[in-house]
Amino acid sequence: MKINLPQLYFSKLMRAITEFELIENGDNIMIGVSGGKDSIFLAYAMAMMKMRLKKDFNIKAVTINPMFSNDFGEGVERISEFMKELEIPFDTIDVDIAGTIKAQNGKDPCYSCAFFRRGAVNRFAKEHGCNKVAYAHHHDDAVETFFMSLLYSGQIHTFTPKTYLDKMDVTVIRPLVYFREQEIIDAIEYHGFQPVPSPCPYDGNTIRQTVKELIVSMSKDNPQLYPHLASAMRENAVGELWPAAKNRKEMKKAYFSYMYGAENKI
């Protein structure tokens, strides 16, 4: 299979790989492949980088069957054939995510799915001699996660391009962090793989989808909203913030000084 991408795409990959030092000599990298547009593009891009980079590293791929339905086999066959064309060793594993979500009794299904899916991929990678796991999160995912965290948890947080998991002794890398989602959709014309439909019954009806639509809606009146959110994700973007909230014990001395006027009467 001829693997090639436009210079703009190659440049974005190289920026992420270089800026965050994602790939090193001796790396064994497991790619999490769902069959969706993002992970298929990641596999294609990583196959290209393996040919072009002057680094000695290996790549493998794994697909999780979340057991949402009984017709996932056809999609896996198509994924397997595409991985063969890319010369990427490929495996599949069954993980009863559907049953786990059902047992959560109404808790956020997306969080549960992502948590158990990542855990399964990370364990599989470790068991198969991989020191890194590559996920296909792109720039829109990072911005949406940042905004979602602020709106729904009151925290300033998003995922990072490179994360070391000390409990697993595995490093997670995200080589697509500089790609906009539309660029990945457009890339289908380069690799030719039609994405496998998501088997998730919650697809399109999630908090993330709500935030995605909110960003689009707010951007109509403020075209700079998305780039401003993207800029705010950087550590050097933090301006003046309130100090961390104090508990009663920490405020006790000051409280007594205000109430009784003597700091030694505590």
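**Entry 1: the second largest pocket**

I looked up which helix gives the most to the lining of the second largest pocket, and α6 does, with three residues. A pocket here is an open set of points on a 1 Å grid over the protein atoms alone, where a 1.4 Å probe fits, with protein on both sides within 12 Å along at least five of seven lines; lining residues have an atom within 4 Å of a point. Helices are DSSP runs (H or I, at least four residues), as strands are (E, at least two), and both are numbered from the N terminus.

I note that this is a predicted model, in which local features need pLDDT of at least 70 and side-chain atom pairs count only at pLDDT 80 or more, while totals for chains, interfaces and linings use all residues. Residues are numbered from 1 along each chain as its sequence is written, and side-chain values use heavy atoms, without hydrogens and water.

The pocket's volume is about 530 Å³, taken as the space filled by probe spheres set on the grid points, which are joined across faces, edges and corners. I found 20 lining residues, with Thr158, Phe159, Pro161, Met233 and Arg234 nearest the centre. The lining has 13 nonpolar, four polar and three charged residues. Nonpolar means Ala, Val, Leu, Ile, Met, Phe, Trp, Tyr, Cys and Pro; charged means Asp, Glu, Lys and Arg; the others, Gly among them, are polar.

**Entry 2: salt bridges**

I counted 12 salt bridges, each a side-chain nitrogen of Lys or Arg within 4 Å of a carboxyl oxygen of Asp or Glu.

I looked up Arg15 and found a salt bridge with Glu19, with the closest N and O atoms 3.5 Å apart. The two are four residues apart in helix α1, so about one helical turn separates them. Arg15 is partly exposed, at 46% relative accessible area (buried is under 20%, exposed over 50%, partly exposed in between, with a 1.4 Å probe and protein chains only). Glu19 is also partly exposed, at 37%.

Next I took Glu181, which forms a salt bridge with Lys37 at 3.0 Å between the closest N and O atoms. Glu181 is in helix α7 and Lys37 in helix α2, so this pair ties together parts 144 residues apart in sequence. Both Glu181 and Lys37 are buried. I also found both in a network of salt bridges with Asp38, Glu144, Arg208 and Lys212.

Last, I checked Asp140 and Arg180, whose side chains meet in a salt bridge at 2.7 Å, N to O. Asp140 is buried, with a relative accessible area of 8%, whereas Arg180 is partly exposed at 33%.
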